[in-house]
Each structure stands twice: as structure tokens, then as C-alpha cells.
Amino acid sequence: MKKLYLVLALLLIQANAFTKETPKSHKMVMAYLYSDDLINILQSIPSPIEISALIKETGATYDRAHLSDPKFSKNYTMSHKKALNLGVYGTDLGYVNLYENNQDVINYLDAVKELAGGLNVGQYFDYDLLKKMVASRNNLGELLRITQKNFEKMNTELQGRKQEDVSVLILAGGWLEAMHITTTIYEKTKNPKLREKIGEQKITLQQLLLALAELKDKPNMGALYQDFDQLRLVYGKVNLITTDGKPVISEDSNGEIVINRDNMSKVELTDATLASIGSLVKGIRSKVIK
Amino acid sequence: MSEEILKALTQLFAIISKQDGGVTEKEREFIINFYQQDLDSATVTEYVALYDRYAEFGIEESDNKSESADGDGEKKKKQRVTRVNDAVKVLSLCRKINKTLTQSQKVIVLFKILEMVAADRNFTSQRMEIIETVATVFNIPKAEYKLIVSFVTEADSHVLVDSEDILIFDDQPPPEGAKAKFIDSGLLDGEIIFLRVNNVGLYFTKYTGEDEIFLNGKQVRTNNILLFSPGSVFKTPKGAPLYYSDLVSRFNSDTERQNISFNVVDMEYRFPNGAIGLRNINLSESSGKLIGIMGASGAGKTTLLNALAGLEFPSSGKVLINGFDLHDPQQSHHIEGVIGYIAQDDLLIEELSVYQNLYYNAKLCFKDLSEEELNKRVVNVLTNLGLDRIMNLKVGNVLNKKISGGQRKRLNIALELIREPSILFVDEPTSGLSSRDSENVIDLLKELSLKGKLIFVVIHQPSSDIYKMFDKMWLMDTGGFPVFYGNPVEAVTYFKKATKQVGSDKGQCMTCGNVNPEQIFNIIEARVVDEYGEFTNKRKIRPEEWHEMYQREFTLDRLPDIKEEPPKNLKIPSKITQAIIFTTRDVLSKISNKQYMLINLLEAPMLALLMALVIRYKYKLDSDQYEYIFRYNDNIPAYILICIVIALFMGLTVSAEEIIRDRKIKKREYFLNLSKGSYLSSKVFILFVLSAIQTITFVIIGNVILDVRDMNMAYWLVLFSVSCFANVLGLNISSAFDSAVTVYILIPLLLIPQMILSGAIFSFDKLNNSISEHGKVPIVADFWASRWAYEALMVHQFKNNPYESLLFDWEMYESQANFKASYWFPEMEKKLIGLSEMAAKMKESGKSDSLMIIVENDLALIRTELLLETQNRPVENVQIDEKVLETYKNFLTEFKPENVVEGAKFTEQRAEDIKKVLDLIKAYYIEINNASREGRDIVLNEYEPESLSKLQNKHSNDFMKDWVRNTNEKIKIVIQEGRLIQKTDPVFFVSRPNHTLDYRSHFFAPEKHFLGTYFPTYLFNVLVIWLMTVVLYFTLYTELLRKLIEFMGKIKFGKSKD
């Protein structure tokens, strides 16, 4: 049995991502991207695993047509393409893993392995991780924890190699794919929960753009940045209303005192906006996976 | 004699007798005698009657009586008419005779006529006129005719025409200045005169004296003209006998003298197992003799022949040719080309025609002859041996004869005869031949001996005529004992005398001259009869006894050694010309063997077709779309291995039999002293050409079917090299072993290890620990050509294909940098941390020996690795952080091994220093890694993604990539003997040598080191294969393998029985 590679450790969301109010979270906007703060940025980007779980909850049937074809993994020769599509396939892998389609798991595993090897991060997809993934298939919390930890390790390594751009691209690709799946399924099912989720991504997009901005002068990155920027414009029409909830004091793992507030959020977006988001995402995605 | 001829002769005799007075009684008696020799009494009467009628015996007289009345004028007119009629008749008779009788027979007829006339001494002019006419029509030269007439008519030699063709056997020599030859006969009344009729090689003799002379045991009448035939002997009462051979050699001694002396002195020969093969051999001969060797079976005839010819080495004694020792390698060059040897088995090239066999042999012997002259000579010899009509027939082999056995034998003889060696050894030339063919052969040999050659012939059961042709006979008994050496006919007498048999003075039959050599052996091998009258196995006289008798009775007349170089008829062409001749001959021989050509040329393309079609499978692009894509053909690495194995196989099988097949021919050509180098070169050349053709057809078909692009030449070069290597290897084996079967059994022994140690089936890392080590290919594998070939092709295919060649350098830097940063650095760091911990521990609890050892080792490792790192050159064309580059460069130049101290001096501070160094190295590699990645992307950016994808699909192969990058190996780095060994991406890094001659490296390295420079793997590997080929050529030339096997055969196991 082949290993299960879970790239999607990258995109993870803690249940209360938006509500975590740490002093650093504001600073990060100014922070020089290539620093230790990157972890936080990346942490604030929702995990496609959660989205996949959500999709499954809505009762949508498994449909592989939404996903990127794993065979194309062999076609990506440039490193930025590799990184982006690693993210894409990671999302796909999470999706098929949740739906427990084992043959497809193996196929996407191969794709992920191929690209990870090409980026020299193959060692972060070892058998142990795989076993854990499969074992905790049905325990979302555990799954998220495992994948996050792995992502952190990999990210540290990439940082050590001064290859943070790889991290960013992986994230971007994964997020893009998650968006794509969600929008496509929403078109079919019109599930309100999904709609909300889509709207919430406005914030994630902002974070992503910050990260991508640092890359936009690199070869091939300019176009990508532009595309994402386009998306941001469209998202301009989406309104997020957050109402602060009661603050909660707790200690985190380091012994520091953290104040959390349960924020309530509400998403306002029109059907037209939704539609244009969907088509724009499709467009960007098709360029990415070409 | 046929009736017609007899009739014609009768008429002739009759007409001549009729002249001038008609037939006399004596003449008639002569005629009757003549008939009685050959015919039965009834026929004799018939022919005598015929003679009478033609000669008008009895009628003439009556005619004369009755017609005397007509008057003289009429008679004269009638006589004239009769004379004219007779003349015409004579002419027509002679012409008729011309068509049937041979020249010798005609000469004899002439003699008979003259004898008949001489019976009465009635030499009338008319008769002589007619006889002269007869001689003219018989094409007998005038001078010869005159000589013959003189010989027949004159009674005394002094009155005879003086000529070279006369020999006098007398006690008084002819006068000074006489052309006639002379042999001293001792006391003799009168003379025995010999006449040689040159044209036909016949000798006639007559005796003019009154003594009792015996020719072949029969008494000779005075003035009787007799034919002195081969084997004849004159015995005089007081003088020495005169043998035919002595006569002949005296006649010839002035014409063609060949200066050869052949002396064998006390030769003894022992077989390898110690038994004695020949003993007490003493021989002394000069040129112009035909010597026969006969013996009981097991007597050692062939052994003797071989020892005399120089093929076997005697254990003691010498064979001296003109004073030069035949068996001394120092002196042997004087005797080059002097000896010829015709073996019993035929040594012919089966695929060539009779003419071609002889032609190429001649070419090797006579470098100075033009093509025309060569052709003439060849045709001449063939005609002489009666092979001219089958000139263009293929020889064929023993199982598939195209020419008969007799013809084969004659061709064998022709091969030696054409160069007329001065000394010729012939082994049973007549066995298996018809009696007519046998006579032909011995005739030829006799002719050669008359020309002055010395010829030794082992002969078995010769006919009487053949037996008598020999000048001397050498007889041997079982066990190598010489028992007789002398005149052949005398042998009979000798042995009869020895056993006191009746009629022992008669060597040959009185009436017919027949000699029965079987008699001799019957006497020699006579067995004892037991009391029941049965033959026992015990011999009456043992070989030793015969030998003793021989020693007593015979004294050898030793001839002095002639002090000049023996004459050589051989002019062997230069080595290059020889090589060309060998090549031409071999090619012709191969081409005419259709089966051989077909199989060898078609084998390769058929195999390629089979394999390539079988392993070409389509890749599933989509649910219903299948296409063949080179990139996704996982069978390519295996294909490469099988290509190599096939090349090896074909190379070996083609060459395995080559030398064995030629063995017989080499045996014959041994005496020509041809160049071994030329022979081997020609073989090698032909095999190489064949290899080239086979491999190119193979590569073209295989690669085209499997879509291996743009690399045909590269593939071909490797496969060709491998095939050539196998060729020379096969030749080695072919020359070391005697039978083809042994060779073929050996082939798996040579090929299977090639597969096992090629590195393609069993990984070199995972072999028996005694031979495998991390980071280097085992030395055992370096001896097998397949390992070099496989590596060369894999590396070349991966690295130099049009897609990868764009990226290789960048990928190499990236891989190296990644390895150093992600694997090498963490290991080093781990060691350092461990060291610090141990140092701290020892500080606390005191020094511990075991810990110190570990500390020392770890420090040594760090030291070595850092030192090796300094051998790196900074990457050239990348843009990285200046500071990082600076610090790295400084490190390269300034680092000394002493910077990493000994264990005793190791401190916390030291650890810090080392850590700093490691950090700067890591920083450098991180930069390089990113820069390489960027560089690579820049290159890729220049292409349209679609064309890039196409390029990749056509030229690169994913499965192969996994092989050469060792993708499936989980362990990326390993510690061995104080070094960190890289296991991943072997194709992207180069092994560092330990010393200048260190060529060893890991498998799939892109470059190899030797003598201070780095060579591309493909080139290096191909050169290694050629080096091995050259070495094998030397072992072939020096016959090392054969000598090794012989040496091993000499090692005795257990006690030897002596």
C-alpha cells in the first residue's frame, strides 16, 4: 500500500481562526514576510480539510471530475508550477481521503509524492504520517492536528533553506483548489453553509495576497499575483460583518495568557458576486494546472 | 595392348622386315619372342601368321622367282611402286599408333624395331630410311634418334656418339673431356652402357662383355638391349651392384643440385608419459632421394616423421639440416621454409574451391610472383595432379563431399608441392587411394626427388611398383626399433637370409619383377606356433633382436654436413600482405557458406525486432486514449541490459569456433613460418567487421521501434565495443581449447556473471559484504564488460538526451546543494553535538578509553569530510549573496586539517569553531540550491510548455530517471569507515579519488577520475572496454590461456606411478 501524503497539512484551520486575537496577528500585516511570523500567516489560512469535511457534511456526492487529474503531475517541470500544484493535489488528496476512495487516494498520493520529491520535501510524506492519516480519517480534529504539525516542520525546513516562496505557493495552490471545489459544488447544491464559507475566504485572500506580493517580482509570479488581485477586487463586493463576542481567557501551550473572543460573523454576498467568484477561480485554476 | 595396335605394330614390323631382302629367320624369331611375352599361344600363332602375310614371308621369294622373267626394268618399277606403297602405309600406321601409344611406349616400339633389325645386323639403308620416318612421325627428336641408333648398332662405347645421355658402367673411365658419364664398376669385362632417353625418362642398357651379369636376377646376354626400369639392379660378379636410383642420381647430379645434408644422430624420443617412442635413430641423407618409412603398427612411423620434421622434440639426439639443429629455436630461422609436411588428414578449407585453396596458399609462399605467374603455377600443379577438371568445385567437408577422397588427398599434396620444399615429409599419401591414383602420387614424388628434393614418405602396403620406386627403405619394428635401412628390394633378401629362407637371393620375382613387401613383415612379425599348431602371440624374433641384428649388419655412411644455408623456395610476403591474404581468404570462405552468412547477419535484426516489439507497450493517457510514449516505457533500462547481453552473446558465439576450425590449416602452415600477428589481426578484423554489422542492424531496428531517439551512434559504439570485446574473448578460448564443444559449454560461464555483475539486476550496494562497499562499485564487477557498458549507456541516455542536457548542470548543482544542506549538514551537526556531550561527560567523570576512541573517530570523520569539502570548486555562473560566497571561498583556501584538533585537545570552544564552519557551508549551499532552481526555471521558461512537454516525452525516461537517481532508496546518507557516503542522486555527483590512479567511483557517476583529470563516464567506460579488448588480444597472441591450462594439467594429484 502506498503512502498517503498529506500536503494539506499546510492549509489548516483552527476552528476559531478568525477569533484568535493575538497581538501579533495585526503586526503581521507589516511584518517582513520572510520571517518567523510566516507561520502565523499560514495558520490563519483555512484548511481545505475542513472545507472538504463541510462538503461531505452537506451530503454532496463524491465526484472526481471537480479535481485535478493526477496524471498531469508529470507535466510540471518549473518549480513554481510544482509548488502550486503540490498544493492543488494536496487538497484533492484530502478530499478523496475523506470520502475514503482508496484507489484515488493512491493516485493522488503518487502525484503528491512526485511533486514533493521534485521540490526536495519528499521526506515530509513518510509512511508514519500516512498511517496516522488513514487511522484518523474519521476524526477531524485529530486529522487537523497531525497535518498542522507536519506542515510546521516542513515549513521550518523550507525557511531554513530560504525557500519560503515554496511554502507560499503550496498554500496558494491548495487554497485555490479548495475554492474551486467549493464553488463548483455550491453551484450544484446551493448549500448555504458553503456559501458562507466562500464569503469568509475574503480574509484568507487578503493574507495570501500579502504573501504573494513579496513574490510578484520573481519570474512567472507577476501574472499569478495579478490574477489573485483580480479576485480581491471581486471580493470587494462581499461584506463581512463581525460582531465581537465575550472575551475568554485561557492559557495556551507555552504558558502564555491568551484572550480569545468568540466572534460571530455574517457574510453578505450576492448571487452575481458568487457566480463571478466562481468563474474567476476556475479561470485562475485552469491556468495553474495547465 | 589392344588388337588394333598389335595389328598396326605387326604391319610395321612386317613392312620393315620386308625391305631389302625380306624377313630373315632371326628376325622372325625375334618377332615370335616379342609376341610370346604378352600373348597366349593361340593368339601368338594368329599374329605370327599375320606378320607372315604382311611381310610376304614365303611369298616374296616365290614372287621374285616367278617374276624374274619380266626383266629387271619391270621388277625395279614394281619395287619402286611397292616401296612407295609401303612408305605410305608406314606413315598411316605410325599416325594410328601415335593416337594410342604414349611417348614412352613409342620409344620402346622404336627400340623394338631397331632390335629386330639388329637381330640380324641387317641395317640396310632402305630399312633405316623407313625407321627414320617412323621416328619422325613418332616425334622423336633427331638428335635423340641418332643417339638411339648409334646405341643400338655400335658394339663398343668408344664408337658411340658422345653424349651426356650416355653412362658407362666399367672399370675404366671414358677419355678426358668426354660428355658421357661414368660409374666405377670394379673389375668388369666389357662395359654396361646406359642410354637415357630424355624425353620420356627411360633408361636402356646393354652389356658388351662376357661376364655373368644379372639384371634383376636374370642373366644378361651380350649386346641385348634391355629396359632398365625403376627398382632394377645390376649385379656384377666382382664389382658393386648398380641400383636404378644411383644411376638416375648420377644422371641428374649435374642438372639440378640441391645442397642439402640431412643427418640424424642418435635420436631418441620419449612420449609425455615417459615411454620410449623411438630409439637409436641414425640417418644420413642428401638431396635427391625418395626414402620410404614402413613399419609394423605401433612401430612409430608417424612419430619418426614428426620428429624428423620438427613437430616433435626428441628427448636426446639431434636432427641436423646442413649442420643446423632443427630443434634448436636459436637456429631454426636458418631452416625456415626448407621443410614441407603433408599430413594424413586433409587440411583444406572447405568452403573454397580447389583452385582457391591452392591459390591462396601459393600467394602466401611467393611474394614476388605476378598474378599471371601465380595463376600459371597453380594451374600447372593442378594439372599435374589431375585436378584441373575439378578446379572450380568447392572442396566440401568429409561429411558433405563435393570432391572425392582421392582428389582431396591430391589437393593436400598439391598444397605442399607447389612450393617444392627442399625436404618433404609425407604421411601415408596413398591410403584410401585407388592403385592408379597411388601410382600417380608416388610418381610425382619421385619426380620431385629427381629434381633434387629429399623426400621421406611413410607408406603402408605399397604395391610392387611403388615399392620399387623408393631409393631407400627405412623399416621399423614395434617399439621404435629400426630394423633395416637400405635398398628396398634388398630388404626382402636381407630378411629372407636372416631367417634362412629358400631363394633368399631373389628379391623380386624373376619373371615379372614383382616384389612383395608383405613378405618382409610376415618374416619380421612371424609368430611362434604352439604344440596344437595354432599361432601364439609370441614372436619368433623380438624387435630388440631385429634391432641388434641391424646394428651389427649395418654401418652408416655418414655424409658430411654441407656448410651452407639450405636452399629455400619460400618468399613469404610482408606481414601486412599476409594479413590481407588471410583476410581475403577468410572472407571468401565465409561468404560462400550461405548458411553461416544468413544466420550471422539475420540473427541480430531478428532479435532486435522480437524484443523491441514485445516490450513496446502503450501508455494510458486517458480512459480511451492509448499512445506509445518513450518517457513512460518502463522497460528501457532492461532493454539496455538485454542489448548488452545480446551483443556479448553474439560476439562470443561468432568467434568461439574460429581458431578451432582453422587448427588443421594452421598445422600445415606451421612450416611456412607465417606471422602469427598477421593471422590474428586478420581474424580480429573480420570479426570486428561482422560485429559492427550485427550491432548496427540491431541498434537501428531496436531503437527505431522503441523510439530511442538521436542516440543511435552512442548505442552502437557501446554495443560494438562490447561485441568486439566478446570477439577477442572468444578467440582466446578458441585458441586454448581443442574441441568446439568445450568452448560452447564455457560460454554460459562467461556470460552469466556478465549479467549478475552488470549492476542492472542486482544492485551493487546489496551484494555479499565481502565484495560490496558503499560509494564504490565492487572491484569484482570492474572485470566484466557489461558493467561498464550498462553504466555508460544509462548515464548517457539520461544525461545527454536533448531534454535533460538543457537542465543537467542546474539539476546537478541543485541536487548537490540539497544533499549537503539537508543530509550532510545534519549528520555533521549530530556528530558535533555528540562530541560535545561526550566531552562534557568526560570532564565530569574523567577520561574513559572507550569514549576517547569514539571521540577520535568522530573527529577524524569531521576532519576528513571538511578536508574533502575543500576540494570543491565554487560554482561559477550563479548569482548568490556576495558575503556568503566570500566566506565559503575563504574556507576553501584557509581550512587545514589541523583546525579539527585531536581528541585530547577537544573543548567546548573548539566545538563552537567547528559549528561556525559548518554553518557557513550550509549557508553557501542554501544559496546555491535556490540559485540553481532559479537557473533551471529560466532555462525552462524559454520553451513553450507544450513543446517542452513533447521534448520530455520523446527523450527522457522516467523509470530510468528513478534508477540513476536512486529515487527508491530510503537511506540517503551512510557512514562508512570514517566517511559520509552519499547514496542519493548518484548521477549528480562525482566521487573523489584517493590517489592519482584511483579510477573507482560509485555506479552511475557522471564523470570518472583518472590521472588527475575527469572524464565523461561514457567516454571513460568505452575506453575501459577497449582496454580490456587490447589486453585480451595480448593474451591471445601469447597464448596465455592455453599455457595456463597446460600448467594446471601438469600439477599432479596424489602419487605418480613410475
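The domain bounds I use here come from an automatic or database domain assignment, and I note at the outset that the structure is a predicted model.

**Domains of chain B.** I looked up the assignment for chain B and found domain 1 (1-139), domain 2 (141-255), domain 3 (349-418), domain 4 (575-799) and domain 5 (807-955).

**Contact between the chains.** Next I turned to chains A and B, whose contact draws ten residues from chain A and 14 residues from chain B. On the chain B side of this contact, helix 27 (804-845), helix 30 (908-941) and helix 31 (945-955) of chain B supply at least two residues each, and helix 30 of chain B gives the most, with eight residues. Sorting the chain B side that touches chain A by class, I got seven polar, five nonpolar and two charged residues.

**Chain A by itself.** Finally I looked at chain A, for which I recorded eleven helices and four strands. Of the 290 residues in chain A, 41% are buried. Among the contacts in chain A with a separation of 6 or more, I noted that 76% are accounted for by residues 24 or more positions apart.

How values were computed: Residues numbered from 1 in each chain as written. Chains lettered and ligands numbered in written order. Predicted model: local features only at pLDDT ≥ 70, side-chain atom pairs only at ≥ 80, totals over all residues. Contact = placed C-beta atoms within 7 Å. Nonpolar A, V, L, I, M, F, W, Y, C, P; charged D, E, K, R; others polar. Buried ≥ 20, exposed ≤ 12 C-beta atoms within 10 Å, placed from the backbone.
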